[in-house]
Amino acid sequence: LFPTRIIIGGDSKQSKEFANLLIEGSEIKNISPMFMPSGEAEAVKLFSNTFLAMRIAFFNEMDSFAMTKKLQTKEIIEGVRLDPRIGEGYDNPSFGYGGYCLPKDTKQLLANYKTIPQNLIKAIISSNESRKDFLAEQILGHNINIIGFYRLVMKNKSDNYRSSSIIDIMQRLKNKGKEIIVYEPLLKNQTDFQGFRVCADLDEFKKTTELIVTNRMSQDLADVESKLFTRDIFGES
């Protein structure tokens with residue numbers, strides 16, 4: 001484990017013992033835990049993940065703008081990155097944020113606001129949905145019928161496809177009458193996933209599909225690059 005910080009809700013004896021266990025399991029030995037009330041600790045988590053979701057949504061909207069205006073997304077992002085106040089990270093365009101934490105935490109934070117005035121938190125969640133709508137329309141513009149989706153996971157070396165934006169885009173295309181075929185090694189011995197056909201053989205998957213959609217590039221797809229749809233600009237997770 002390589003934590004950037006250890007934040008503990010509470011300062012009881014048990015809290016300190018738990019913090020020591022986390023430090024013992026960390027590869028970073030000089031990290032100091034931060035103790036605070038549980039409400040503040042929860043807020044740190046929710047606001048941190050919502051900020052990351054906001055950054056992903058921002059660069060995805062930048063990519064949507066560039067695609068529509070026929071501009072080079074890569075050059076725009078590289079120029080924006082040069083501002084040290086912005087820097088790098090969470091700026092490689094994608095099909096939207098997903099996974100265990102970001103969808104759940106953004107919605108939880110929005111719910112926690114209740115009667116507190118806000119516009120930004122709601123906009124982050126809305127932006128993620130708009131991105132999926134936009135990319136589904138871009139894929140439909142290829143005017144093909146058999147669409148393959150390479151992997152359901154949101155990033156390389158991941159085994160998590162919970163709340164994957166990829167699945168939401170698949171559903172949008174299916175609703176438009178497109179045939180969807182999924183290649184996902186994690187779906188062992190399955191021929192169906194949530195009503196989508198699963199193909200376990202990569203070569204057959206490549207031959208059968210007319211267009212292959214992937215959130216992140218892979219060497220597995222180097223031989224079918226001409227029929228790929230991806231927004232992976234930098235080849236990063």
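**View 1. Helices α2 and α3 pack against each other, their axes coming within 9 Å and crossing at roughly 140°.** Helix α2 covers residues 38–69 and helix α3 covers residues 73–81; helices (H or I, at least four residues) and strands (E, at least two) are DSSP runs, numbered from the N terminus. The model is predicted: local features need pLDDT of at least 70, side-chain atom pairs count only at pLDDT 80 or more, and totals for chains, interfaces and linings use all residues. Residues are numbered from 1 along each chain as its sequence is written, and side-chain values use heavy atoms, with hydrogens and water left out. Axes are lines fitted to C-alpha atoms, for helices over the stretch in contact, and angles run from 0 to 180 degrees between N-to-C directions. The two helices are therefore oblique to each other, given that angles under 35 degrees count as roughly parallel, over 145 as roughly antiparallel, 65 to 115 as roughly perpendicular and the rest as oblique. The crossing of α2 and α3 is right-handed (the near helix is turned clockwise from the far one by less than a right angle). F59, M62, D63 and A66 of α2 meet T73, I76, I77 and V80 of α3, where contact means heavy atoms within 4.5 Å.

**View 2. Helices α5 and α6 pack at an angle of about 50°.** Their axes lie 9 Å apart, and α6 comprises residues 165–175. These helices are therefore also oblique to each other, and α5 passes α6 in a right-handed crossing. From α5, the contact includes N128, E129, K132 and D133, and from α6 it includes S165, D168 and R172. Among the other contact residues are L135 and I139 of α5 and I169 of α6.

**View 3. K114 has a positive phi, near 50°, although it is not glycine.** Most residues other than glycine have a negative phi. K114 is placed in the loop between α4 (102–113) and α5 (120–140). This residue counts as exposed because its relative accessibility is 74% (buried means under 20% relative accessible area, exposed over 50%, partly exposed in between; 1.4 Å probe, protein chains only).

**View 4. N189 is another residue other than glycine with a positive phi, here near 60°.** The loop between β4 (179–183) and β5 (192–193) holds N189. With 84% relative accessibility, N189 counts as exposed.
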